[in-house]
Amino acid sequence: MLIDVGGTLNLAADITVSGNWTNNGTFNNNGFKVTFDGASNQTIGGSNPSAFATLAISNTGASGNNTVSLAQSISDTALNVTSGIFDQGASSQPRQRRNHD
């Protein structure tokens, strides 16, 4: 998912992202969930922070290839990890890993 500079993404329903998330524009969650379900490592990044209503991690990659990492600070109301690893990476918060088997 790429939100270009000057672009806006207004969610009208829950969405699923199988690749990386790059927010260089404006993201409005409108209360909807964003699920990361890739089969390989994924990154949440871009020049603008993203505010998720619900951030769901459901990465199905094999061990060592199933991490969703932050390359920017985000905020979320709810975080759900059903499979894969969530790694705060380069965010301004302390590094945390959440595993779910």
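Biologist: What places Asn30 in a loop?

Modeller: Asn30 lies between strand E5 (26-28) and strand E6 (33-36). Strands (E, at least two residues) are DSSP runs, numbered from the N terminus. The model is predicted, so local features need pLDDT of at least 70, side-chain atom pairs count only at pLDDT 80 or more, and totals for chains, interfaces and linings use all residues. Residues are numbered from 1 along each chain as its sequence is written, and side-chain values use heavy atoms, with hydrogens and water left out.

Biologist: Why is Asn30 called partly exposed?

Modeller: Buried means under 20% relative accessible area, exposed over 50%, and partly exposed in between (1.4 Å probe, protein chains only). Asn30 has 48% relative accessibility and therefore counts as partly exposed.

Biologist: Why is Asn66 called buried?

Modeller: The relative accessibility of Asn66 is 12%, so the residue counts as buried. Asn66 is found in the loop between strand E8 (50-58) and strand E9 (67-70). Neighbours within four places in sequence aside, Asn66 is in contact (heavy atoms within 4.5 Å) with Asn41, Asn59, Gly61, Gly84 and Ile85.

Biologist: Why is Asp4 called partly exposed?

Modeller: Asp4 has a relative accessible area of 47%, and is therefore partly exposed. Asp4 lies in the loop between strand E1 (2-3) and strand E2 (8-10).

Biologist: How far apart are Asp4 and Asn23 in sequence and in space?

Modeller: They are 19 residues apart in sequence and 6.9 Å apart in space, C-alpha to C-alpha.

Notes. Helices (H or I, at least four residues) and strands (E, at least two) are DSSP runs, numbered from the N terminus.
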